[in-house]
There are 2 protein chains.
Amino acid sequence: MREPILFPLDLPELSVELGGGRIRRTVHPSGLRILTEHMPAARSATIGFWIGVGSRDEQAERNDAPGSLGSTHFLEHLLFKGTPTNSAYKIATDFDRIGAEHNALTAKEYTCYYAKVRDADFELAVGSLADMVTNSLLDPEEFENERGVILEELAMAADDLGDVASERFFEEVLHDHPLGRPIGGTPETIRAAKRDDVDHHYRDRYDPSTLVITAAGAVDHDRLVELVLQALAASHEERWHTDRERTPVRRGRGTTPDAPAAAAPKIVKVERPSEQINLLLGTRGFVAGDPRRFAFGMMNSVLGGGMSSRLFQEIREKRGLAYTTYSFGASYSDEGLFGIFAGSAPEKTAQVIELSKLELARIASDGITEEEFERSLGQIAGSSALALEDTETRMGRLARAELGSGELYDLDTSLEQFAAVTADEIKAVAAHFANAPLTVVAVGDTTKSGL
Amino acid sequence: MREPILFPLDLPELSVELGGGRIRRTVHPSGLRILTEHMPAARSATIGFWIGVGSRDEQAERNDAPGSLGSTHFLEHLLFKGTPTNSAYKIATDFDRIGAEHNALTAKEYTCYYAKVRDADFELAVGSLADMVTNSLLDPEEFENERGVILEELAMAADDLGDVASERFFEEVLHDHPLGRPIGGTPETIRAAKRDDVDHHYRDRYDPSTLVITAAGAVDHDRLVELVLQALAASHEERWHTDRERTPVRRGRGTTPDAPAAAAPKIVKVERPSEQINLLLGTRGFVAGDPRRFAFGMMNSVLGGGMSSRLFQEIREKRGLAYTTYSFGASYSDEGLFGIFAGSAPEKTAQVIELSKLELARIASDGITEEEFERSLGQIAGSSALALEDTETRMGRLARAELGSGELYDLDTSLEQFAAVTADEIKAVAAHFANAPLTVVAVGDTTKSGL
């Protein structure tokens, strides 16, 4: 069996040939890490500045203190709002004038600022991103404007029943855990947020030891390292200067907790006028490094991974009960979720829940067929190969490996792991969920659902 | 100035080198058209089977007759439901086992069935798509199940305030025109739909003269032509046999109507409990072939095309009134729309409308700056180049050129056209819309909006 590529924190340089391209990694004494994947045929590149800090790292109990709920996401917005040398407008025009895809995302365990650009525009993108991440001013007037923008973003999500269901599902399944909290905070915490507290969060959490820069496509590793070190040396903020040694920060991997979070099954109804119920059911799942993740991938593919999956066939194709239905897993360093989604008319919801449980239980008791095994393997191989054509996918893969386990499974290595999964392992994974107390979240006109 | 590549209907073969790749086109005596763009570095391909028939071609006045409202979209669903040699389940598994992206879409002027696959899976995808498009059974039992699925799809759209606003905006701006109708029909027309009527629509509208097959990426044109002709010759349905000569059908291009559709400005409110108003304002726009489309593209980029655009700056960045705001154009063979979207709290909606009108009027009176001109050109160049890295974009570009005007503007040719736009032309385009009676559609808690 092939082994993953390892990213030890004390290894200054690494260079590995991979499928015609090359992965390189530099760990600077300052704690800064830079990883690239050169793709010979690429004429563009995606570059990301990742900080290993996400919403789970906020302090829920301190509503208006540094790092209160939603401050990670608030800070992400503010990093677009200007530095001593570039105004917010200049940052926007710099990326617009080259037609870049330029955005950021705040997740539960990390924050990422990225741009996809033509090869000729690569250096410009690196310079702008470095300036945003290291030199942002968090201007008080911009802070107030952005508060309004974020309140609108939360309002938009509150009007989306799928978003409401998803946030509530995380909250109910992982209720006491920081991973169960909403990423963006709440309207209350955003209204209460203070500029100096978000600034404190920025100064406290953003430095070379938490920064990981990854790029894929038409990239020159040595040139990128040079550009980034120059930018950090020129930073207006002393904490970015790379002459001080720091240990890079990596989130450790826990193990999947044995006991389920909920002691008993529960049904949570969120009443909203609607045509459909947005339904989620599931339970705690596997942490990111769990050895069962390959068996889970195969089980999930058969249960709810495509048009030929059991949920799609039983709920949509045979009975016309839903337009959308699928199953999914979400894994973090010390927690995970497993869930099934369906959107259907209120009067069909109870039947959809029964069918979902039944199909999960059937895999737990009878396993999957050989044909399903081969199909899942082919689906994972084909869809992964297509996804990896994109520079963005490869840029993200590098960062998640570096920030997470420190292990990169390239496509061939993963496929060997999936192929080695046994029928019993797949049954055991399904049984793990089938036997757990299920949490059901139903958002919509639940009065007609009979739940 | 460069010229577009022309696709005359009576030209049997065409081969043009383009940016390192090659475009080839075959017009078969049966009316069938096959177009490919070979991309030398690609390891995958996207293939689409396009029919030049969309929802606008339905007969709105005949609720349960062949081609009634929603029947084009209903038919699109049914083409996944089985042929004499492949069951619906077999079709689903054939694509899932290779990890393909496989889907279809019904638009107002065409319908498309497509798949993105690794190069090794290309022939399999062609075979499956050809079978679906030419041999579908429209089984009565599958028809009933699918009715339920489509009703759920409509219910999902009805719960999405953005979708509701968009459909209503088309309806109000183009009210008497078939392009103003919803693509999927209504719950009433779907409940009334009869299997034999949809089948009639299929037999009447789908044949070699309306079929355009396009592929981009790792494709061999000659092999594709061979495969498709074999598949059509083997079809269970006589109308697909290619021994009969037919004239290929192409939708003609009209000219942009002089008079606006609405005689006076109007405000349409759709009341729904919500946190935000989904706001659309706009008017009739340009048809697809309008010579002003390049000036429109530049004007639209400056008005609402990115983070540095005037709407984004005035509405979001300076005032925090919305999270999302942008402007857009939609062009069809004989009609078009121009619109501005924003999502914001009800009490901010009136201000957003005023700012939107003001920014449009400012371009109409003062034009854009030189810096904005250069930035727009750069934005169009960069974002188009990035988009064209994807085989799906190129596959779609070929089809839209063939089904529409018969003219393909490659990237360099388009950029010359954009660069040649004058300041006066941009002002004139903005004035065209600023002087038209605007239609405003507001969906949400409109009672608080003061509209």
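Reply: Here are the ground rules, followed by your questions one by one. This is a predicted model, where local features need pLDDT of at least 70, side-chain atom pairs count only at pLDDT 80 or more, and totals for chains, interfaces and linings use all residues. Residues are numbered from 1 along each chain as its sequence is written, chains are lettered from A and ligands numbered from 1 in the order in which they are written, and side-chain values use heavy atoms, with hydrogens and water left out.

Me: How do you know that β6(B) and β7(B) pair?
Reply: Strands are DSSP runs of E with at least two residues, helices runs of H or I with at least four, and both are numbered from the N terminus. Two strands pair if DSSP finds at least two bridges between them. β6(B) and β7(B), residues 111-118, have 6 bridges, so they pair, and they run antiparallel. Within this pair, T106(B) stands opposite T111(B).

Me: What makes β2(B) and β6(B) edge strands?
Reply: Seen whole, the open sheet has 7 strands in the order β2-β3-β4-β8-β5-β7-β6 (chain B), with mixed pairing. β2 (13-18) and β6 (101-106) of chain B each have a single partner strand, so one side of each lacks a neighbour in the sheet. On average, neighbouring strands of this sheet are turned by 10° against each other, direction ignored.

Me: What packs on this sheet?
Reply: Helix α3 of chain B, residues 122-135, does, touching β5, β6, β7 and β8 of chain B. Contact means heavy atoms within 4.5 Å. The direction of α3(B) makes about 15° with that of β5(B). Axes are lines fitted to C-alpha atoms, for helices over the stretch in contact, and angles run from 0 to 180 degrees between N-to-C directions.

Me: Which strands pair with β12(A)?
Reply: β10(A) pairs with β12(A) over 8 bridges, in the antiparallel sense. There, I277(A) stands opposite S344(A). β11(A) is joined to β12(A) by 7 bridges, also antiparallel. Those two form a hairpin with 4 residues between them.

Me: Why is the pair of F286(B) and F433(B) called tilted?
Reply: Rings of Phe, Tyr and Trp (its six-membered ring) pair if their centres lie within 6.5 Å; planes under 30 degrees apart count as stacked, over 60 as edge-to-face and the rest as tilted. Here the centres are 5.2 Å apart and the planes are at 45°, so F286(B) and F433(B) form a tilted pair. The two residues are 147 residues apart in the chain, and both are buried.

Me: How do you know that R239(A) lies over the face of Y202(A)?
Reply: A charge sits over a ring if NZ of Lys or CZ of Arg is within 6 Å of the ring centre and within 35 degrees of the ring normal. R239(A) is listed as over the face of Y202(A), at 4.7 Å from the ring centre. Y202(A) also belongs to an aromatic cluster with F80(A), Y113(A) and Y206(A).

Terms used:
Buried < 20%, exposed > 50% of the residue type's maximum accessible area, 1.4 Å probe, protein only.
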